[in-house]
Amino acid sequence: MTTWGTRGLRGSALEELINLTNEKYRTKKLALIQKIPTPIKPIRIDKENRHITLAYFEQKSTVDYIGAVQGIPVCFDAKECATDSFPLANVHSHQVDFMEHFEEQDGVAFLLIHFTGRDVFYYLPFRHLKKFWDRMEQGGPKHFKYKELDLSYILPDRAPVPVHYLELLNYDLSQRKY
């Protein structure tokens with residue numbers, strides 16, 4: 001059981017950038033994407049300040065974000081990686097299962113990864129994640145390396161949109177074989 005506060009705030013800077021991006025998309029009527037809160041069970045509450053001081057994650061979360069882009073259902077998770085080797089342990093099997101089922105329903109699933117050492121934002125289509133995942137499950141490496149990635153999925157720097165992933169979503173859709 002993971003304690004809230006020990007791991008729960010990792011990636012919060014990335015999530016804040018994505019939240020700002022999603023707000024801009026909503027304002028421009030390009031997309032409606034919602035952050036999915038992780039359900040927690042409070043254990044200890046500071047009654048004077050009305051703050052939760054100890055809690056546990058109540059259930060497995062699916063992904064960080066879900067919504068629609070111009071009628072296309074999308075779901076994605078935000079991850080950070082300080083090195084050029086992304087540990088697949090950062091993605092949970094229930095998340096992979098959810099994304100796989102989401103795509104079976106004609107949705108689009110992906111990861112947004114911030115390689116902090118390079119300050120690069122990367123859009124990882126689910127089908128690419130699944131190849132790395134399957135490789136791991138067949139006894140291969142429990143990570144993938146930056147050099148293994150298709151560099152055409154690097155997010156463009158498009159100020160004032162902090163993490164402009166819509167162009168890569170469009171590119172992803174154009175690369176799919178139906």
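A disulfide is a pair of cysteine sulfur atoms within 2.5 Å. By that criterion, this predicted model holds 0 disulfides.

**Cysteines.** Select cysteine 75 to begin. Its relative accessible area is 0%, so the residue is buried. Go on to cysteine 81, which has 5% relative accessibility and therefore also counts as buried, the cut-off being under 20%.

**Helix α2.** Select residues 93-104, which form helix α2. Now colour Gln95, Val96, Met99, Phe102 and Glu103, the buried residues of α2. Around the axis these cover an arc of only 125°, which means that they lie on the same side of the helix. To see what they pack against, show β4, β5, β7 and α3. Then select aspartate 106, which follows α2 and has a positive phi, near 70°.

**Helix α4.** Move to residues 166-175, helix α4. Leu166, Leu168, Leu169 and Asp172 are buried here. Look down the axis of α4: the buried residues fall within an arc of 160°, so they line one face of the helix. Which exposed residues does the face turned away from the buried side carry? Select Asn170 and Ser174 to find them.

Finish with the cover over the buried residues of α4. The helices in that cover include α1 (12-27) and α3 (126-137). Among the strands there are β4 (65-69), β5 (72-81), β7 (108-115) and β8 (120-125).

Key
Residues numbered from 1 in each chain as written. Predicted model: local features only at pLDDT ≥ 70, side-chain atom pairs only at ≥ 80, totals over all residues. Heavy atoms only, no water. Buried < 20%, exposed > 50% of the residue type's maximum accessible area, 1.4 Å probe, protein only. Helix = DSSP H or I, 4+ residues; strand = E, 2+ residues; numbered from the N terminus. Arc of directions from axis to C-beta. Contact = heavy atoms within 4.5 Å. Expected span 1.5 Å × (residues − 1).
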